[in-house]
Amino acid sequence: MLDGLFEPNIAVAYGDPRANWPLALPQEEASIRHAVVKRQGEFRAGRALAREAMAKLDLGPAPILSAEDRVPIWPDGMVGSISHCDDFCVAAVGRRADGLMAIGVDVEPAEALPEGVADEICLADEKIWLGKLDDRERPIFERLIFCAKESAYKCQYGVTGQLFGFDALCVHFDHARFQYEARFMRAIGPFRIGQTLFGRYVMTEKHLVTGMALGSDAFSRAGQSEIGRSGRDWPLA
Ligand SMILES: CC(C)(COP(=O)(O)OP(=O)(O)OC[C@H]1O[C@@H](n2cnc3c(N)ncnc32)[C@H](O)[C@@H]1OP(=O)(O)O)[C@@H](O)C(=O)NCCC(=O)NCCS
């Protein structure tokens, strides 16, 4: 179902966070000791799925601790991202040795956003585009904009460690290729105004999933088109 969300050098695993997941590793469990049952379930699902994805890359089952701000601390040499909604959890991981600097993934229910949220998170250009959609499509694409911004935010956070609002990125979709671009509307860390990052998306009847990988020279080696490559203007090391 998520084939094509990333290049093949990024492994993806997904599942239902309501299933009976095994306990996380003891060091990881410490961060959910006082959490409610639902949170424990989604956390354990994310860790188990991240390790399932790591195994696909022949990476051993190392712990993925949580920083104080909840950002996952990936084992040395790895980058990754985790996302969960009520009934879906996804983890994506890759190797730094493949030139990857960061990954961002987000899953959302394929439903309208709560009242007023779209207005808050969408920029004028995005609202103009949404205004051209019919009433049936618009709520889903509002949600997709949210989802795309969350992935891009998580991905850039792996490089900048910076928190910012939804007005900092403007999203534009290429529906023929199930890809999107997220353009910086402000300079954030090393990203310039106007710099564009590229991601992909998958839509099913129930879920929207977006994914972004930053700075992979493996993408250019594989001869991907420009829109398939993240961080086009990024000064790759
Ligand atoms: C951090 C944030 C992106 C998480 O999104 P969410 O929809 O609440 O939850 P998700 O299930 O998709 O993701 C949660 C996972 O993301 C990871 N995560 C948390 N903070 C993160 C961060 N700053 N960067 C990258 N990953 C992060 C964690 O793995 C977490 O799961 P875990 O605690 O079980 O390990 C969101 O809460 C947030 O703070 N957003 C900031 C504002 C924003 O998005 N701005 C958009 C700018 S355009």
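Start with Asp106 and Ser83. Their side chains make a polar contact of 3.3 Å. By polar contact I mean a pair of N or O atoms within 3.5 Å; within protein, one must be able to donate a hydrogen and the other to accept it, and residues adjacent in sequence count only if both atoms are side-chain atoms. Keep in mind that this is a predicted model: local features need pLDDT of at least 70, side-chain atom pairs count only at pLDDT 80 or more, and totals for chains, interfaces and linings use all residues. Residues are numbered from 1 along each chain as its sequence is written, and side-chain values use heavy atoms, with hydrogens and water left out.

Asp106 sits in strand 6, residues 102-109. Helices (H or I, at least four residues) and strands (E, at least two) are DSSP runs, numbered from the N terminus. Is Asp106 buried or exposed? Buried, because its relative accessibility is 3%. The cut-offs are under 20% relative accessible area for buried, over 50% for exposed, and partly exposed in between, with a 1.4 Å probe and protein chains only. Leaving aside neighbours within four places in sequence, Asp106 has contacts that include Cys147, Glu150 and Lys154. Contact means heavy atoms within 4.5 Å.

Next, salt bridges. The structure holds 13. Each is a side-chain nitrogen of Lys or Arg within 4 Å of a carboxyl oxygen of Asp or Glu.

One of them pairs Arg143 with Glu108, closest N and O atoms 2.8 Å apart. Arg143 is in helix 5 and Glu108 in strand 6, so the pair links distant parts of the chain, 35 residues apart. Both Arg143 and Glu108 are buried.

Another joins Asp86 and Lys38, at 3.1 Å between the closest N and O atoms. Asp86 is in the loop between strand 4 and strand 5, Lys38 is in helix 2, and 48 residues separate them. Asp86 is exposed at 54% relative accessibility. Lys38 is exposed too, at 52%.

Then Asp167 and Arg186, with closest N and O atoms 3.4 Å apart. Asp167 is in the loop between helix 5 and strand 7, and Arg186 is in the loop between strand 8 and strand 9, so this pair ties together parts 19 residues apart in sequence. Asp167 is partly exposed at 43%, and Arg186 is partly exposed at 35%.

Three strands form an open, antiparallel sheet in the order 1-5-4. Strands 1 and 4 stand at the edges with a single partner strand each, so one side of each has no neighbour in the sheet. The twist averages 10 degrees from one strand to the next. Five bridges join strand 1 to strand 5; two strands pair if DSSP finds at least two bridges between them. Val12 stands opposite Ala92 in strand 5.

Helix 2 lies across strands 1, 4 and 5, at about 35 degrees to strand 5. Axes are lines fitted to C-alpha atoms, for helices over the stretch in contact, and angles run from 0 to 180 degrees between N-to-C directions.

Last, some backbone points. Asp58 has a positive phi near 60 degrees and is not a glycine. Asp58 lies in the loop between helix 2 and strand 2, and is exposed at 73%. Arg70 also has a positive phi, about 80 degrees. Arg70 is in the loop between strand 2 and strand 3. Gly161, with a positive phi near 65 degrees, follows helix 5.
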